[in-house]
Amino acid sequence: MARQSRVTVPSPGCLAAIVVPVVAVLIAASVLMVMHYRQERVNERNMAEALDRTAALARSYARDVAAAPNGFPGQEAVRDVAERHDGRLLSYARSDYSLTTTVRFFGEYEDTSMFGVSHSRAYQCYSIVLRKGAEGAPQARTSPLEKCNVI
């Protein structure tokens with residue numbers, strides 16, 4: 001006796017039962033990937049804005065220190081000015097003609113994720129050098145530092 005092989009074709013309902021969940025998973029994964037990408041871009045923009053705010057704080061700090069009466073202020077006065085500008089004084093060096101400080105400033109921003117919103121801080125250190133000009137008024141130079149390894 002010869003053996004016959006039977007080929008069966010799945011019914012359309014069976015094929016749909018296999019394809020529909022796969023398509024649904026692919027759609028859900030792509031939606032989650034797009035949402036994650038958008039959240040990352042927003043978080044990066046928020047952090048960049050916070051770092052821009054630290055630059056503004058550093059310039060404001062430099063103006064306030066330069067405006068101090070009777071020359072360059074002492075270390076405690078500079079520390080107070082830094083704290084008023086959301087900063088922390090890391091180093092202080094003073095001579096007759098210049099004042100060099102390193103201050104770490106921070107800016108707060110919202111960091112969003114799939115699980116909610118958290119508040120984060122972006123830190124940036126600046127070297128602020130004040131020198132007396134020809135007319136005796138201090139001029140400030142503010143430079144961002146790559147790392148805050150001064151302590």
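**Figure 1. Asn-46 and its contacts with Tyr-109 and Glu-110.** This is a predicted model, in which local features need pLDDT of at least 70 and side-chain atom pairs count only at pLDDT 80 or more, while totals for chains, interfaces and linings use all residues. Residues are numbered from 1 along each chain as its sequence is written, and side-chain values use heavy atoms, without hydrogens or water. Asn-46 lies in helix H1. Helices (DSSP H or I, at least four residues) and strands (E, at least two) are numbered from the N terminus. Asn-46 touches Tyr-109 and Glu-110, its neighbours within four places in sequence left aside; contact means heavy atoms within 4.5 Å. Its side chain also reaches the backbone oxygen of Glu-110 at 3.1 Å. That is a polar contact (N or O atoms within 3.5 Å, one able to donate a hydrogen and the other to accept it). Is Asn-46 buried or exposed? Asn-46 has a relative accessible area of 17%, so it counts as buried. The cut-offs are under 20% for buried and over 50% for exposed, with partly exposed in between (1.4 Å probe, protein chains only).

**Figure 2. Helix H1 crosses helix H2.** H1 spans residues 12–66 and H2 spans residues 75–84. Their axes come within 10 Å and cross at roughly 145°. Axes are lines fitted to C-alpha atoms, here over the stretch in contact, and angles run from 0 to 180 degrees between N-to-C directions. The crossing is right-handed, meaning that the near helix is turned clockwise from the far one by less than a right angle. H1 brings Tyr-61, Asp-64 and Val-65 to the contact. H2 brings Val-78, Val-81, Ala-82 and Arg-84. By class, five of these residues are nonpolar, none is polar and two are charged. Here Ala, Val, Leu, Ile, Met, Phe, Trp, Tyr, Cys and Pro are nonpolar, Asp, Glu, Lys and Arg are charged, and the others, Gly among them, are polar.

**Figure 3. Four strands form an open sheet.** The order is E1-E2-E3-E4, with antiparallel pairing. E1 and E4 (138–145) stand at the edges. Each has a single partner strand, so one side of each has no neighbour in the sheet. From one strand to the next, the twist averages 25°. H1 packs on the sheet and touches E1, E2, E3 (116–132) and E4. The direction of H1 makes about 155° with that of E2. H2 packs on the sheet too, touching E1 and E2. The direction of H2 makes about 150° with that of E1.

**Figure 4. Strand pairing, bridge by bridge.** Strands pair if DSSP finds at least two bridges between them. Seven bridges join E1 to E2 (residues 98–113). Ser-91 has Thr-102 of E2 as its bridge partner. E2 and E3 pair over 16 bridges, and a hairpin joins them through two residues. Val-103 has Tyr-126 of E3 as its partner. Eight bridges link E3 and E4. There, Val-129 stands opposite Arg-141 of E4.

**Figure 5. Asp-86 and Asp-96, two loop residues.** Asp-86 sits in the loop between H2 and E1 (87–94). Its phi is near 55°, a positive value in a residue other than glycine. Asp-86 is partly exposed, because its relative accessibility is 36%. Asp-96 sits in the loop between E1 and E2. At 63% relative accessibility, Asp-96 counts as exposed. Asp-96 touches Phe-72 and Lys-132, not counting residues up to four places away in sequence. How many residues separate Asp-96 and Thr-112 in sequence? They are 16 residues apart in sequence and 49 Å apart in space, C-alpha to C-alpha.
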